[in-house]
Amino acid sequence: MNRTVRPARPLGPRAMLASMALVEVASGATQQYLPPILPGLGAQAGFGTAQQNWIIVVQMASCAVLTPVLSRLGDGFGHRRLLRASILMVVLGSLVMALWPTLPFLTLGAALQGGVVGFMPLMIGILRHQQGEAASRRGIGVLVGALLLAVGCAGIVAGAVGARDARLGLWIGVGAGLLGLAAGWLLPDGGATAPAARRFDVPGCVLLTVGLVGVVLALAQGATWGWASAATVGCGLVGVAALAGWWVLELRVAQPLVDVRMFRNPRVAVLSVVTFCVAAVTIGSIAFNATFLAAAPDAVGYGIGLNATAIGWALLPMTLASVAASALSPVLLRRLGERVTVAAAGVTAAVGFGLLVLRHTALAHYLVASLFIGVALGLFESVTRTLTVEAVAPEETATAAGVNELVLSLGAAVGSAVLGAALAAHTGPAGRVALGGYITGWALCAVAGVAAALAVLGLRRAAAAAPYATASEGAHR
């Protein structure tokens, strides 16, 4: 007798969004649990401040490389399938770090954790496919809020655990990954585009990887190797040449890894500039600021002298400010308009880092500045994602979100590398970093915030662009 197999009952809208929020909780925990425990790990494993920042640089570079890969494969093979694969990467990377907490394995694990960048664009693809554009705007705000709140809580938990044993804190990443895996397994698929989209652009992926690694490596190690050294110049030239070749290639192939023609859409172009600049200073400075908070004034003459637990709590106000800004972003967009809301991200970033340049001798100074930085983080994380996705056709949702995530990851990687170079350039013979390294880094962040605010002047023309008027459409007219 044949039995009729009933299909699994699909998740309702609220249950689906709740599952997605749990995945983003795992994402936030993965992205934030390392900075509070890195100083302790360095002391236990015998590597210094520059190496601690290097681990974050590797993670950021991995994010930049994996973002277009996962997003493009998601549009072609199904968003849920690639979401599960990216979560498995994060679990594996976290496990490698927890089992073998030495510098080489910490670096390898951080690279594998770069799969976390697939979470948001792939879930946006599922959300828009299942619930439409109006619901996706609200959903993106919820997901960003969950992400940012998890970032703050993970810092506190990791700090508390790391204060007892930094190596024990590495298991937080394993637990977060398993949580994301369980929640992600419940989600429905977001569909896939035509079979032609399944042609993966291998040459483009190779060129992009070589280009990003070359540029980031030159920026991160330039001060150590010497800015005029053959290694620095060689890495930089190879990276720039590979990126230039990648850009030309992407304009020619039928199914590019990243549809760079999207940048001809003025809305996407402006939002990408803002995303790059603000991500570079807000996300790229997390580990940078954590090392300053951990520095002991009696030993080096600056810093706050916080332990891992206190660092986690010190990062919380920034997180709360970012969550509030993210939650308010739909209201701000409606009442203030796109230009003012997006520009506010750059302005608040410039104010926050400008305050740190001027005043940084007490914890209160950092906390006040971090509130402005948190607002910038929350605004750009929510607003640029929302507006970028709305600028393209529904079938390009994950790809457009992936473009935004690529710019975000690249900005964070470059920001981390540049700030690491600032520290390395002010490192003495004994390995001690001078205060000038931090002041230089904060000043560069303030300048980037101003650049982001000025870029928004082009958003008036972008706002007049017709919806879905991507460059790829224009190229076929």
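Visitor: How many aromatic pairs does the count come to?
Guide: The count comes to 9 aromatic pairs. One of them is formed by tryptophan 246 and tryptophan 247, and this pair is edge-to-face, at 6.2 Å centre to centre with 75° between the planes. Bear in mind that this is a predicted model.

Visitor: Is tryptophan 246 buried or exposed?
Guide: Tryptophan 246 is buried, because its relative accessible area is 6% and the limit for buried is under 20%.

Visitor: And what does tryptophan 247 count as?
Guide: Tryptophan 247 counts as partly exposed, at 37% relative accessibility.

Visitor: What about the rings of phenylalanine 292 and tyrosine 302?
Guide: Their planes are at 10°, so phenylalanine 292 and tyrosine 302 are a stacked pair, with ring centres 6.0 Å apart.

Visitor: Which parts does that pair tie together?
Guide: Phenylalanine 292 is in helix α13, residues 286-294, while tyrosine 302 is in the loop between α14 (297-300) and α15 (308-314), so the pair ties together parts that are 10 residues apart in sequence.

Visitor: Phenylalanine 292, buried or exposed?
Guide: Phenylalanine 292 is buried at 2% relative accessibility. Tyrosine 302 is buried too, with a relative accessible area of 8%.

Visitor: Which residues do ring pairs link into a cluster?
Guide: The cluster consists of Phe288, Phe292, Tyr302, Tyr438 and Trp442, linked by ring pairs.

Visitor: Back to α13 for a moment. How many of its residues are buried?
Guide: In α13, 8 of the 9 residues are buried, so the helix is mostly covered. The buried residues of α13 include Phe288 and Phe292, along with Ile286, Ala287, Asn289, Ala290, Thr291 and Leu293.

Visitor: Changing topic. What lies over the face of tryptophan 185?
Guide: Arginine 84 does, at 4.1 Å from the ring centre.

Visitor: Where is arginine 84, and what does it touch?
Guide: Arginine 84 is in helix α4. Not counting residues up to four places away in sequence, arginine 84 touches Leu181, Gly184 and Trp185.

Visitor: Buried or exposed, that arginine 84?
Guide: Arginine 84 counts as buried because its relative accessibility is 19% and buried means under 20%.

Visitor: How do the axes of α4 and α9 cross?
Guide: The axes of α4 (residues 79-99) and α9 (residues 171-184) come within 8 Å and cross at roughly 160°. The limit for roughly antiparallel is over 145, so α4 is roughly antiparallel to α9. The crossing of α4 past α9 is left-handed.

Visitor: Which residues make the contact?
Guide: From α4 the contact uses Arg84, Ile87, Leu88, Val91, Ser94, Leu95, Ala98 and Leu99. From α9 it uses Trp171, Gly173, Val174, Gly177, Leu178, Gly180, Leu181 and Gly184.

Visitor: And how about the axes of α12 and α20?
Guide: Helix α12, residues 266-282, and helix α20, residues 435-455, have axes that come within 9 Å and cross at roughly 165°. That makes α12 roughly antiparallel to α20. The crossing of α12 and α20 is left-handed.

Visitor: What meets what there, in α12 and α20?
Guide: In α12, Val270, Val273, Val274, Cys277, Val278 and Val281 meet Cys445, Ala448, Ala451, Ala452 and Ala455 in α20.

Visitor: Now a loop residue. Where does glutamine 113 lie?
Guide: Glutamine 113 lies in the loop between α5 (103-112) and α6 (119-131). Glutamine 113 counts as buried, at 0% relative accessibility.

Visitor: What is glutamine 113 in contact with?
Guide: Leaving aside neighbours within four places in sequence, glutamine 113 is in contact with Thr30, Tyr33, Leu34, Gln59, Val90, Gly93, Ser94 and Met97.

Visitor: Last topic, α10. Where is leucine 219, and what does it touch?
Guide: Leucine 219 is in helix α10. Not counting residues up to four places away in sequence, leucine 219 touches Trp227, Val414, Ala417, Val418 and Ala421. Leucine 219 counts as partly exposed, at 24% relative accessibility.

Terms used
Residues are numbered from 1 along each chain as its sequence is written. This is a predicted model: local features need pLDDT of at least 70, side-chain atom pairs count only at pLDDT 80 or more; totals for chains, interfaces and linings use all residues. Side-chain values use heavy atoms; hydrogens and water are left out. Helices (H or I, at least four residues) and strands (E, at least two) are DSSP runs, numbered from the N terminus. Buried means under 20% relative accessible area, exposed over 50%, partly exposed in between (1.4 Å probe, protein chains only). Contact means heavy atoms within 4.5 Å. Rings of Phe, Tyr and Trp (its six-membered ring) pair if their centres lie within 6.5 Å; planes under 30 degrees apart count as stacked, over 60 as edge-to-face and the rest as tilted. A charge sits over a ring if NZ of Lys or CZ of Arg is within 6 Å of the ring centre and within 35 degrees of the ring normal. Axes are lines fitted to C-alpha atoms, for helices over the stretch in contact, and angles run from 0 to 180 degrees between N-to-C directions. Angles under 35 degrees count as roughly parallel, over 145 as roughly antiparallel, 65 to 115 as roughly perpendicular and the rest as oblique. A crossing is left-handed if the near helix is turned anticlockwise from the far one by less than a right angle, and right-handed if clockwise.
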